[in-house]
Number of protein chains: 2
Amino acid sequence: MSDEEIPDIVIRRLPLYARELGAVASEGSEYISSEGLGERLGVSPAQIRKDLNYFGSFGTRGRGYQVTSLRERIRSILKLNGRVREMVLVGVGQLGRALLGYRGFLIGGFEVVRVFDADPEQIGQAVVGYEVEDVASLPEFLRRSKVAFAIVAVPTEAASTVIDTLVAGGVQAILSYAPISRSVPDGVRLRQIDPVMELESMSYYLDDQFDAVVEDQI
Amino acid sequence: MSDEEIPDIVIRRLPLYARELGAVASEGSEYISSEGLGERLGVSPAQIRKDLNYFGSFGTRGRGYQVTSLRERIRSILKLNGRVREMVLVGVGQLGRALLGYRGFLIGGFEVVRVFDADPEQIGQAVVGYEVEDVASLPEFLRRSKVAFAIVAVPTEAASTVIDTLVAGGVQAILSYAPISRSVPDGVRLRQIDPVMELESMSYYLDDQFDAVVEDQI
């Protein structure tokens with residue numbers, strides 16, 4: 001089955017499975033059923049089985065999935081096994097600094113290798129062990145180095161230009177914290193982290209008790 | 001059509017449509033076609049039409065959608081019109097502070113009303129205009145006040161307890177920055193912001209040039 005036939009929504013669930021399998025393994029379990037995994041994740045067991053079926057046959061009837069090997073297999077499908085993925089970070093404001101301090105990246109196999117900003121007061125400063133470089137030197141850096149990943153943590157009004165620079169420099173996977181849409185060429189993925197959109201979609205499900213204005217209760 | 005029949009994935013795209021329609025409106029356009037909107041968002045026009053069809057008939061043949069009214073209609077479907085949604089924030093570390101400084105929440109109609117932390121050195125301090133309260137007082141606050149939304153920005157090891165406290169206090173929509181899965185009861189939504197999982201799923205799509213180890217080039 002070619003890559004094209006696997007829906008993106010399936011690919012996006014794989015990291016969730018891998019992470020939860022890691023948690024299961026750390027609790028000392030060797031096997032888990034699709035039912036058990038589904039319950040932990042709030043996903044139906046049928047969904048898990050269907051997702052994994054895109055990539056082959058896993059699990060043993062009656063025993064379920066071998067936790068560590070399924071996790072390794074998924075990370076291999078995601079091209080994450082046995083390597084550290086290098087990233088550039090653009091923007092070292094408060095958010096960028098919080099991201100630099102986040103251990104989850106390295107645990108997941110991602111490492112920020114360079115840090116860029118446009119603010120003359122930031123450039124040359126040491127931030128969480130990185131020397132902040134002028135974003136004007138980003139194209140030159142990307143020309144010399146093959147970096148697949150970038151995180152964009154710049155103000156909204158600067159984000160489009162930064163994304164375009166990253167795309168021109170051959171970056172293929174961009175994670176943006178700016179709430180803007182931007183078309184990128186085929187072969188490049190742009191994902192947004194937008195807490196407001198998450199909140200907005202959850203609002204739909206609120207029950208009626210929250211329909212009244214409640215300001216006076218606070 | 002009852003709520004149950006509308007897939008969550010459709011609900012999750014509505015904020016994206018609303019936000020882009022806001023951008024279109026600010027550029028001065030009164031109408032936009034599903035093709036035009038789809039191109040801006042990298043979504044197929046058929047998808048947009050199908051999503052909106054769940055909620056009624058919008059748009060005029062030949063003219064497309066009236067931008068402002070469709071945006072207002074979508075925000076109304078999301079129960080976001082004419083109100084500010086109140087939130088509590090738990091955790092005022094570097095990430096929590098970055099979130100408190102993010103203007104996007106208020107622009108989207110969400111306002112942090114109270115801020116909690118477990119760190120004795122933070123409690124009582126003023127942070128971005130809020131006085132940090134002891135997380136031990138969170139259950140009492142939630143008993144007195146009807147707050148639907150919460151943001152969890154605490155360390156991973158504290159997140160499960162905080163989420164359980166919020167659920168017990170009647171919070172129905174929780175946005176968590178901790179990379180853990182947690183079962184929540186029906187009627188409660190828990191969404192995670194996990195940049196690592198976004199990166200991991202994008203890794204799948206990288207082309208072969210990134211398969212080599214490139215450490216020596218950096």
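Biologist: Which residues of α8(B) are buried?

Modeller: Glad to start there, and please keep in mind that this is a predicted model. A residue counts as buried if 20 or more other C-beta atoms lie within 10 Å of its own. In α8(B) the buried residues are B:A159, B:V162, B:I163, B:L166 and B:V167.

Biologist: Within what arc do the buried residues of α8(B) fall, seen down its axis?

Modeller: An α-helix has 3.6 residues a turn, so residues three or four places apart point the same way. The buried residues of α8(B) line one face of the helix, because their arc is 135 degrees.

Biologist: Nice! Which exposed residues sit on the face of α8(B) turned away from its buried side?

Modeller: The buried residues of α8(B) pack against β3, β7, β8 and β9 of chain B. The face turned away from that buried side carries the exposed residues B:E157, B:T161 and B:D164.

Biologist: Now to the two chains: which helix of chain A gives the largest share of the side that touches chain B?

Modeller: In total, 60 residues of chain A are in contact with 60 residues of chain B. Nine residues on the side of chain A, the largest share, come from helix α9 (residues 195–203) of chain A.

Definitions and conventions:
Residues numbered from 1 in each chain as written. Chains lettered and ligands numbered in written order. Predicted model: local features only at pLDDT ≥ 70, side-chain atom pairs only at ≥ 80, totals over all residues. Buried ≥ 20, exposed ≤ 12 C-beta atoms within 10 Å, placed from the backbone. Helix = DSSP H or I, 4+ residues; strand = E, 2+ residues; numbered from the N terminus. Arc of directions from axis to C-beta. Contact = placed C-beta atoms within 7 Å.
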